[in-house]
Amino acid sequence: MEETDREAVATAVQRVAGMLQRPDQQDKVEQYRRREARKKASVEARLKAAIQSQLDGVRTGLSQLHNALGDVSDIQQSLADVSKDWRQSINTIENLQDVKDAVVQHSQLAAAVENLKNIFSVPEIVRDTHELIEQGELLKAHCKLMDLEFSRDNLMYEQYRIDSKNTHDMNLICSYFGETQTLSEQLAKQLWMVVERSLVTVRCDPTMLVSVVRIIEREEKIDRRLLERKKQTGFIPPGRPKKWKDKMFDVLEKTVMTKIEASQSDTRESNKMWLVRFLEITRKYVLDDLLVAKNLMVQCFPPDYSIFYILFNLYHKALSTRIEELISEDLEANEIVSLLTWVLNTYKSEEMMGHPELMEEVNINIMDPLLPQNIVDNLLSKYVKTFTSNITGWLRKALETDKKDWNKETEPEGDQDGYYQTTLPAIVFQMFEQNLQVAAFINEPFKQEVLRLCLKQMSSFLTRYKEEVILYKDEHLKDRQHPQCYVQYMIAIINNCQTFSESITSLKKKYSSTESDKNEEAIRVTLDTVARDGCLFLLDEVFMDLEQHLHELMTRKWLGGSNAVDTICVTIEDYFNDFAKIKKPYNKEMTFEAHRRVVTEYIRAIMAKRITFKNADERKEGAERMMKDAKQFKFLFKKLSDTASSDADRLCDAISAIAEVFKLTDPSLLYLEVSTLITKYPDIREDHILALLAMRGDASREMKQTIIETLNQHKSSSMASMQPLFRDITVHTQTIGVPKLLK
């Protein structure tokens, strides 16, 4: 306390010192004193009030504690009295057992009295209920059945409540109402029969279906009520819950599955189109049933049943199961395609699940696919393997058939323009077209895969085709009299190449927009090779017939007026009457090649030095003969080609240019003529020039040396891009050795 007093005094001194720091503040000392006195009085008043409040609270608490003590004493006395009374009443309670038994008996009798009417009429109700079920009066039958079950269940409940372990009485009640369960089963059987035929019943007698739904709804309510009571009491009557709503959906599911299975009326052995027929029947039945469900059945069921959605899913599930069962069988290639086309296209189309009326209720696109993607992929893979095997066999068989036609004694048929052809391209591309059309029905990637496969098989097929054409030519060369129509069928083979090429272009345009792949390029190269080889084989045929006439060229017989060139022209023209039935561009190329080969053989005859002119008259006569032959060849090939061509003119002009070398009378000007010849035909070689000079017969060794050396100084490299003419013409001997020129 002393320390507190000291602190208070120090604080007061400090505060007073703070108030009287200036002289003018001393005048306010009295004022300060009165203000501090008021503050002190206020604090003292608050302290007194707080102390008084605390004293009042303590006084009240003491009073309440005193009262509680009295109450505890009273309760203690009362408990003692109750304990005394309880001990005295034990014997009395034991003497009331008879009353207790009477109460139990009264409760049983009360329940019996309440159901007395039903108890005595059970046999009659059972009989009436059975008759109503047989008559199809399902609602009335169900009402009586409910009365029976209500009486039985109440009696059993009272017995359970009184003595749950008394199985004897429980069994007695069950035995007395034994027919009730049988009637319930009979009624359920009738209900499920109506449910099974619901899609038919709803069209002719929808009230029957409504009655069934009402009965099921009643049973569902009873199930819910009894299950709630079971939670409270633990008792539930026998046969409950019936769950008829769940059973109804089970029956619908089995009905749908049975109907899908029953749609298959044929087998592969009885009908090759069994799968297509099954799928079409299924499509029609499913669509009809779902439309009936949407337009009629929905009105017979409560909205919470979602009957249309349930049926839609049941059909979707049943179809998925059935399709997977079909897949587990060993389906053929065409059956795989039919199945996949139906699954991937028809199923979701407007002809079935995508029907506008159905799409108003359920969107098939958001449901699970009818078949998992891995199964679809496996089917596609299986089809591709089968298709590859089949198409290989088809192509082999088609080629064998075509080869047999090559040996016929009758000419091949012509197309609408008269061009020879065989049926091979049509057969091959008909197969391709059919398979691509089918693949297009499945999906775009699969169509591209089949197209790629077709092109790959076509590439391999054409390689075999090329080999067979070569064998065909080789066999013919063994005996040129057989086959009789070799030329005509070789023409047809050439035309087939053009048809193949056009067909491939058509397929690509129709079924693919992608760029050419390696298979397509290989096909076009092979076709071009086969066609060009065919043209060469035909020209070989021509020149084998011309061989003896070509040997007459540049001989004394030719100089004396041989008709070898006339025969050559007539023979070529005769052959080209058939060659006119070769399609473009090969007929044009073949005409040019024939022209080139005739000129080449003519020049080769010159280079063979079969004749040496003895004098200027012979040289003049030979030159004029050569110019005449050149004009005759030029006329022939213009007639055959029916077009003007600078390259064709250049070929025959080579003969004329050589004739000018022979016609020249002044040997000193030979190098000018030879220079002109070399300028026009830069592929001419030294040995060619020496052969020409040797054939003239008047060129000395020094003259030849001078011409070669002079031309060596003016060697030209012009026109190097032009088609070579002299390159393949060889000269077997050399007259003199001179510096090499024009290599």
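User: What makes a pair count as a salt bridge here, and how many are there?
Analyst: A side-chain nitrogen of Lys or Arg has to sit within 4 Å of a carboxyl oxygen of Asp or Glu. In this predicted model, a search of the whole structure turns up 36 salt bridges.

User: Why is the pair Glu 468 and Lys 403 called a salt bridge, and what does it tie together?
Analyst: The N to O distance is 3.1 Å, and the cut-off is within 4 Å, so the pair qualifies. Glu 468 belongs to helix α18 and Lys 403 to helix α16, so parts 65 residues apart in sequence are tied together.

User: What about Arg 480 and Glu 541: buried or partly exposed?
Analyst: One of each. Arg 480 has 28% relative accessibility, so it counts as partly exposed, as that class runs between 20% and 50%. Glu 541 comes in at 5%, so it's buried, the limit being under 20%. Their side chains meet in a salt bridge at 3.0 Å, N to O. Arg 480 is in the loop between α18 and α19, while Glu 541 is in helix α20 (residues 518–552), 61 residues apart.

User: How do you know that the length of helix α17 agrees with its residue count?
Analyst: With 19 residues (424–442) at 1.5 Å a residue, α17 should span 27 Å; the end C-alpha atoms are 28 Å apart, so that agrees.

User: What do the buried residues of α17 pack against?
Analyst: Buried residues there include Phe 429, Phe 432 and Leu 436. The buried set packs against α14, α16, α18 and α19.

Conventions
Residues are numbered from 1 along each chain as its sequence is written. This is a predicted model: local features need pLDDT of at least 70, side-chain atom pairs count only at pLDDT 80 or more; totals for chains, interfaces and linings use all residues. Side-chain values use heavy atoms; hydrogens and water are left out. Helices (H or I, at least four residues) and strands (E, at least two) are DSSP runs, numbered from the N terminus. The expected span of a helix is 1.5 Å times one less than its number of residues. Buried means under 20% relative accessible area, exposed over 50%, partly exposed in between (1.4 Å probe, protein chains only). Contact means heavy atoms within 4.5 Å.
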